[in-house]
Amino acid sequence: MRIPDRSVLQHWGWETFLFGLVALMVSYTWMFSDISVPNERSRLYLAVAIVDHGSVSIDEPIKEWGKIYDLAERDGHFYSDKAPGSSMLGAVVYFVASQFKEARAWRVSELINLMRTWLMIPLTLIGFLILRRLLQYLGLDPPVIDIVSLAWILGTAAFHYGSAYFGHQIVAVALIIALYCVVRAEDRLGNGQDLAKWCLAAGAAAGVAGLTEYQAAIPCVLLVAYVAFGDARLRNAGLPAMLLGAAPFAALLFWYNDLAFGGPLELSYHYLADEGLREIHGQGIAGVTVPTWEYFSGSMFSLHRGLFATSPLFVFAFWGLWSIWDDGNRRLAVLIGGTLLYFVAFVSSSNMWFAGWGFGPRLLVPGMALWSVAVAYGVQAAFASPVAEGFARGFAAIQIAYIQLVVVYFPEPPDTSHNPLLDFVGLMRAENIASPNLGQ
């Protein structure tokens, strides 16, 4: 019998400890059940309609649990105003749960927590593991991997949206899985069959991202370009496999759009039921026009929504991009840098850049896992200097503390908040009020 190497045992012991810590933290808090979140309910209504009524119309769930703000309407029927991916994943969870409890026995708050607990939290934990595995595979040092992976999952807006039934974190996890699979495919250039399998998996992950949020289309295109401009063997064997992996999800999206809105390229944004939402999303392309300084500065620097104000470790992404480029992996630098530029331009151009109630730059969550790769390269470069290393460690500690302190009291503060610590954290602390949690 071979005795395992002590360093291997220590490694897996540490990995198990971190996984348990993150699982507990992500599972610890959730929103107040009495607060209705239209974004989650819109996705839930479609999941229930698919399972209980065999329909993409959400008329029946509306009759059961009430009308909500986030709706699309066509020919006298109501539909979710979201891309269908999160609802289709949720339908699987609900179908399994419905085998043990009758449909009419569920309260809507119970169903939302079902999705949070059995869909979002497992996906978030998978994303945490895949990010760590990718960074290990790319050769980053263990302390860097620990700092960056924990900072992403516990110290960004991904912490709350990793356990809330929105589409953002699903896209983030799908994209980091796709990148991991592509990187593994590149390592299999000498084995065409293995290469094709990894690229097929990458395409499927990218397909899930595109099915879940329309905005994910551009990062998916960049992933395809990463493969298309790679080694000839990667391009010739991997590109067709990647497109094949994504094809069923693209077909599913087109089928849903045709069924719900009358055409494969018709989107829910074209049929918003609320007049106010129609006015907002009717400008430009679904509400996206041209970048403005107000939206850019708010999404980057505000204490409530700013990327660098709430998660300052992301400043190391710029150093990391240069490090990746300088190391010769220019396609990876273009992929991550292009995704970062796209999402920042998208939010800076959207008249809903603040995205309603919430904390942190919610609309940037889909790209945060990918950007964490660049952050990791930047932090590793910073470790060459004690001062820069101190800043990296300090920024990671600050953002984890800030995110945790706000979320433990109220994960989705109103859009009128400017400084969460002054606006409500102190007040709720004085009244001994906190979000529901396992400790209660």
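# Briefing: helix packing and selected residues

L321 lies in helix α15, one element of a predicted model. The protein chain comprises 19 helices and two strands. Its radius of gyration is 22 Å, close to the 22 Å that the globule rule gives for 440 residues, so the chain is as compact as a globular protein of that length.

- Apart from residues up to four places away in sequence, L321 touches A333, I336, G337, L340 and A374.
- The C-alpha atoms of L321 and G167 are 27 Å apart in space, and the two residues are 154 apart in sequence.
- Helix α15 covers residues 316-326 and helix α16 covers residues 330-348; they pack at an angle of about 155°, with axes 7 Å apart.
- Because angles over 145 degrees count as roughly antiparallel, α15 and α16 are roughly antiparallel to each other.
- The crossing in which α15 passes α16 is left-handed.
- On the α15 side, the contact is made by F318, L321, I324 and W325; on the α16 side, it is made by R330, L332, A333, V334, I336, G337 and L340.
- Sorted by class, this contact of α15 with α16 has nine nonpolar residues, one polar residue and one charged residue.

**The α5/α6 pair**

- Helix α5 (108-137) packs with α6 (residues 142-154) at an angle of about 155°, with the axes 10 Å apart.
- That angle makes α5 roughly antiparallel to α6.
- α5 passes α6 in a right-handed crossing.
- From α5, the contact draws on T124, G127, F128, L131, R132, L135 and Q136; from α6, it draws on I145, D146, V148, S149, L150, W152 and I153.
- The class make-up of the contact of α5 with α6 is eight nonpolar, four polar and two charged residues.

**The α6/α18 pair**

- Helix α6 also packs with helix α18 (residues 386-407), at an angle of about 25° and with axes 9 Å apart.
- Since angles under 35 degrees count as roughly parallel, α6 is roughly parallel to α18.
- In this pair, α6 passes α18 in a left-handed crossing.
- The residues of α6 that meet α18 are P143, I147, L150, A151 and L154, and their counterparts in α18 are R393, A396, Q399, I400, I403 and Q404.
- Eight nonpolar, two polar and one charged residues make up the contact of α6 with α18.
- L150 takes part in the contact of α6 with α5 and also in the contact of α6 with α18.

**L140, in the loop between α5 and α6**

- L140 lies in the loop that links α5 to α6.
- With 6% relative accessibility, L140 counts as buried.
- Neighbours within four places in sequence aside, L140 is in contact with L135, I145, A376, Y377 and Q380.
- Among these contacts of L140, L135 of α5 and I145 of α6 also belong to the contact between those two helices.

**Positive phi in residues other than glycine**

- D75 is in the loop between β1 (71-74) and β2 (77-80).
- The phi of D75 is near 50°, a positive value in a residue other than glycine.
- D75 has 62% relative accessibility and counts as exposed, because that value is over 50%.
- A355 is in the loop between α16 and α17 (365-382).
- The phi of A355 is near 60°, again a positive value in a residue other than glycine.
- A355 has a relative accessible area of 5% and is buried, whereas D75 counts as exposed.

**The chain as a whole**

- The C-alpha trace of the protein chain spans about 60 × 60 × 55 Å along its principal axes.
- Of the 440 residues, 53% count as buried.
- Of the contacts between residues at least 6 apart in sequence, 75% join residues at least 24 apart.

Notes. Residues numbered from 1 in each chain as written. Predicted model: local features only at pLDDT ≥ 70, side-chain atom pairs only at ≥ 80, totals over all residues. Heavy atoms only, no water. Axes fitted to C-alpha atoms, helices over the stretch in contact; angles between N-to-C directions. Helix = DSSP H or I, 4+ residues; strand = E, 2+ residues; numbered from the N terminus. Parallel < 35°, antiparallel > 145°, perpendicular 65-115°, else oblique. Left-handed = near helix turned anticlockwise from the far one by under 90°. Contact = heavy atoms within 4.5 Å. Nonpolar A, V, L, I, M, F, W, Y, C, P; charged D, E, K, R; others polar. Rg over C-alpha atoms; globule rule 2.2 N^0.38 Å. Buried < 20%, exposed > 50% of the residue type's maximum accessible area, 1.4 Å probe, protein only.
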